[in-house]
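Subject: Structure for your review

Dear colleague,

Please find the structure below, followed by a short account of what was found in it. I would be grateful if you would read the two together.

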Amino acid sequence: MTSKCFHCDEAIPSGINLFVTINHEPQIMCCVGCQAVAQTIVDNGLTQYYAVRTEPAHKSQPLVPEQLQKHKLLDEAVLQSEFVFQGDSQDKENKEAILSIDGISCAACAWLIEMKLGTLTGLLSINVNATSQRATVKWRDSAIKLSAILLAIENIGYQALPFKANDAELNNKKQSKAFVKRLGISGILLMQIMMIAFGLYFGAFTDMAEHNKVYLRWVSFILATPIICYGALPFYTGAIKALKAKRLSMDVPVSIAIILAFTASAWATITQQGEVYFESVAMFTFLLLIGKFLEFRARSRAAQVSANLLKLMPMTATKVITVSNNVDTQSKEVLVAAKQLIKGDIVIIKPGEVVPADGVITSGDSQLNEAMLSGEQLPISKTINDSVFAGTLNGDGNITVQVKQATNQSFLSQLIRLSEEAQAHKPKIAQLSDKIAQYFVALILLTSIATAIYWQQHMPEEAFWITLSVLVATCPCALSLATPTALTCATTRLNRAGIMVKGGHVMETMPKINCFAFDKTGTLTTGEFTIDKVELIDNDSNYSQEQVLVIAAALEAYSEHPIAKPFTEHRDYSLTAKQVKVHSGQGVSGTIDKINYAIGKLSWLKESAQLEHSQAKPLSGTSCLLMANKQIIAAFYLVDKIREQAFETISSLNKQSKTLLLSGDSQIACDNLALTLPINTVLGGLTAQDKMQQIKSAQEQGFKVAMIGDGVNDSPVFGAAHVSIAMGCGADITKSGADAILLNNKLSNINILIEVSRRTRRIVIQNYLWAFGYNAIVLPLAVTGYITPYMAVIGMSASSILVISNSLRLLKE
């Protein structure tokens with residue numbers, strides 16, 4: 001039976017004979033790393049760890065110098081500003097950070113880390129959460145450095161790094177804690193008030209002297225004061241901000257209701273006249289807080305896309321610097337903060353590392369996962385001169401990259417910023433609802449005053465609470481949430497699919513589009529040519545199809561023209577061309593085995609008099625000819641590869657819309673493409689001005705037009721269309737005139753964009769119908785006294801939560 005390591009429970013390799021005495025018994029270890037960790041635990045008197053643990057420890061790995069360098073780098077003030085919280089001016093030496101700890105498998109691991117680090121001089125406190133695998137560490141910087149704390153954690157077998165939470169996430173956590181604190185305090189005090197109220201309501205205090213009842217009222221008053229002054233504070237601050245801006249928000253009627261109810265009860269307590277309803281106003285405030293908290297949680301979930309994207313950015317990068325001495329110049333690798341990289345810097349990205357900045361590969365090749373940007377899970381092969389983007393994950397190759405953009409100008413940063421801008425856009429219906437909400441709040445206040453006057457004359461004892469019900473039940477909270485929540489969820493859903501929405505009007509306009517105009521090259525086709533057919537011209541030459549392909553590949557190897565690329569797969573490196581001359585945009589000539597060859601356009605061969613006149617026959621489509629000693633031996637017919645799902649996309653669009661092909665390519669090439677794709681109208685040989693004219697002509701016929709192009713030379717055309725959509729994830733996305741970008745180049749995403757925009761429109765309309773319908777039903781019921789304050793609070797909160805929940809349906813794929 002194979003022995004297992006006492007520390008990590010892995011098999012003991014043959015020839016290993018390592019032991020550590022634990023609780024007076026020798027225990028076998030699998031490696032020097034586990035032996036060192038176990039001995040550290042024993043030396044510090046922490047052997048109880050092995051008694052209480054529920055899972056074996058992770059195998060310990062010795063720290064390599066590179067890891068130690070990274071830890072030292074984390075002591076720099078520039079980098080610490082990203083994740084370290086420093087004390088105030090009186091206590092600058094104290095620092096606090098949240099660490100992510102890998103390897104925690106149970107509560108015993110958390111206990112072990114706390115016990116071990118608790119002995120470090122200068123460490124003020126450490127709290128480890130085994131569930132989240134995070135630790136909150138406080139230390140005095142003059143006594144101990146963060147790198148030493150990380151090293152101490154790794155010395156007992158765990159990997160620790162600073163946890164990066166962006167400002168939005170930190171703000172959400174802060175708000176969440178504040179909500180929980182308010183709810184906790186309000187809930188505890190509410191229970192005490194309700195005990196007194198139940199006793200008074202059910203006659204438990206009937207025999208009590210009157211001065212004792214007055215005493216209980218004062219107790220209720222004291223207990224209710226923190227609820228009203230602290231628990232309800234968010235409503236007051238919201239109302240004050242709105243009034244300062246000379247606007248009426250939904251916090252205004254809520255604040256008026258709370259203050260009036262508490263003031264009336266307090267006056268009754270002080271004067272010992274009238275009834276008090278401290279339990280009612282306390283319950284009222286508590287239910288409002290619960291509704292606000294649930295609303296906050298739902299909105300945080302809907303708006304998490306930017307926070308997740310920001311976490312993709314790495315903290316460090318391996319920069320290559322040049323060091324000169326008296327003898328020679330050498331290159332040296334140094335670890336720097338990723339945010340310090342500038343244009344022109346050279347960085348090395350090793351397998352498994354995250355790309356720290358946008359740039360171009362200068363050496364090496366690898367496969368990169370760009371799923372975080374494009375939604376495409378399959379890795380993409382990258383080589384020299386290919387672009388890479390910050391936040392993407394390097395695969396199994398080492399690559400050297402020249403930085404082209406600073407971190408704050410990276411494609412990922414632009415993606416986040418543009419996403420936020422698109423979410424902030426308000427459609428016309430939202431702008432209209434905001435105006436309606438303003439007048440609606442004013443209507444509520446006027447209605448409440450009229451209600452109070454009416455009931456004061458007919459039923460004075462109920463007037464106050466009926467007025468409160470009117471103020472709260474009809475509060476238009478749901479109106480303000482109807483559009484923002486839907487747009488945020490829709491943008492999140494599109495980002496997941498690899499669709500970047502730049503223009504705020506896209507979600508509003510896309511459902512109306514009934515004409516889709518496509519460019520050809522780079523849009524419906526990949527822009528990468530393939531060999532469709534090889535025709536042997538001179539049968540007497542005894543060349544086979546394989547031979548002419550190899551000869552053509554040997555010549556085209558010297559050309560950078562796109563037509564040369566499809567020949568690469570036929571390259572035979574045993575065959576070498578000599579005296580090669582590249583004729584720019586025309587063809588290539590050279591000598592192979594003492595035979596003069598040339599490959600290129602028919603027109604070039606005719607003009608250069610290399611081709612006999614009798615063979616100068618025109619060829620259809622995109623083609624090139626191979627000539628041997630002024631005799632044509634083969635013709636290669638090339639096609640631009642059609643994008644995957646192009647046929648399905650066009651067929652789907654044709655069901656409800658018109659499709660156009662507007663291309664600068666020849667009409668013959670466009671007609672050939674139309675034989676494969678079911679496009680309604682095909683127009684070739686067009687200039688940018690011609691394309692604009694065609695779009696305007698379609699618009700004059702009543703069509704709402706969307707233009708889909710590669711975004712390179714389509715700016716004027718994009719400007720003429722109602723919605724413009726560009727292909728590809730170029731780094732300069734802010735310079736593109738497109739309203740939306742298909743980051744993963746999938747044409748099928750056009751259908752997703754249409755479907756999500758239509759669903760968004762439906763959900764926004766549903767949200768408004770519910771919001772207006774609810775208020776239309778509740779207002780007369782509240783005015784006539786059929787709704788109590790409790791019912792009013794529940795109804796208002798349920799209305800808001802229902803609108804948010806309805807919007808969250810957009811996140812489902």
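Helices (H or I, at least four residues) and strands (E, at least two) are DSSP runs, numbered from the N terminus. Axes are lines fitted to C-alpha atoms, for helices over the stretch in contact, and angles run from 0 to 180 degrees between N-to-C directions.

This is a predicted model, in which local features need pLDDT of at least 70 and side-chain atom pairs count only at pLDDT 80 or more, while totals for chains, interfaces and linings use all residues. Residues are numbered from 1 along each chain as its sequence is written, and side-chain values use heavy atoms, with hydrogens and water left out.

**Helix packing**

Two packed helices are described by the angle between their axes and the distance between the axes. For helix H22 (residues 646-654) and helix H26 (residues 749-783), the axes come within 9 Å and cross at roughly 35 degrees. In contact terms (heavy atoms within 4.5 Å), Thr649, Ser652 and Leu653 of H22 meet Ile750, Asn751 and Ile754 of H26. This contact has 3 nonpolar, 3 polar and no charged residues; here Ala, Val, Leu, Ile, Met, Phe, Trp, Tyr, Cys and Pro count as nonpolar, Asp, Glu, Lys and Arg as charged, and the others, Gly among them, as polar.

Helix H26 also contains Asn749. Asn749 has a relative accessible area of 3% and is therefore buried (buried means under 20% relative accessible area, exposed over 50%, partly exposed in between, with a 1.4 Å probe and protein chains only). Leaving aside residues up to four places away in sequence, Asn749 touches Ala497, Gly498, Ile499, Leu742 and Asn744.

**Salt bridges**

The structure holds 6 salt bridges, each being a side-chain nitrogen of Lys or Arg within 4 Å of a carboxyl oxygen of Asp or Glu. In one of them, Asp141 pairs with Lys95, with the closest N and O atoms 3.4 Å apart. This pair links distant parts of the chain, 46 residues apart: Asp141 lies in the loop between strand S6 (134-140) and helix H6 (146-155), and Lys95 in strand S4 (residues 94-102). Asp141 is buried at 15% relative accessible area, and Lys95 is buried at 11%.

Asp141 also forms a salt bridge with Lys145 (3.3 Å, N to O); Lys145 is partly exposed, at 40% relative accessibility.

Within helix H26 (residues 749-783), the side chains of Arg762 and Glu755 meet in a salt bridge (3.9 Å, N to O). Arg762 is partly exposed at 41% relative accessibility, as is Glu755 at 38%. Through shared partners, salt bridges join Lys95, Asp141 and Lys145 into one network.

Yours sincerely
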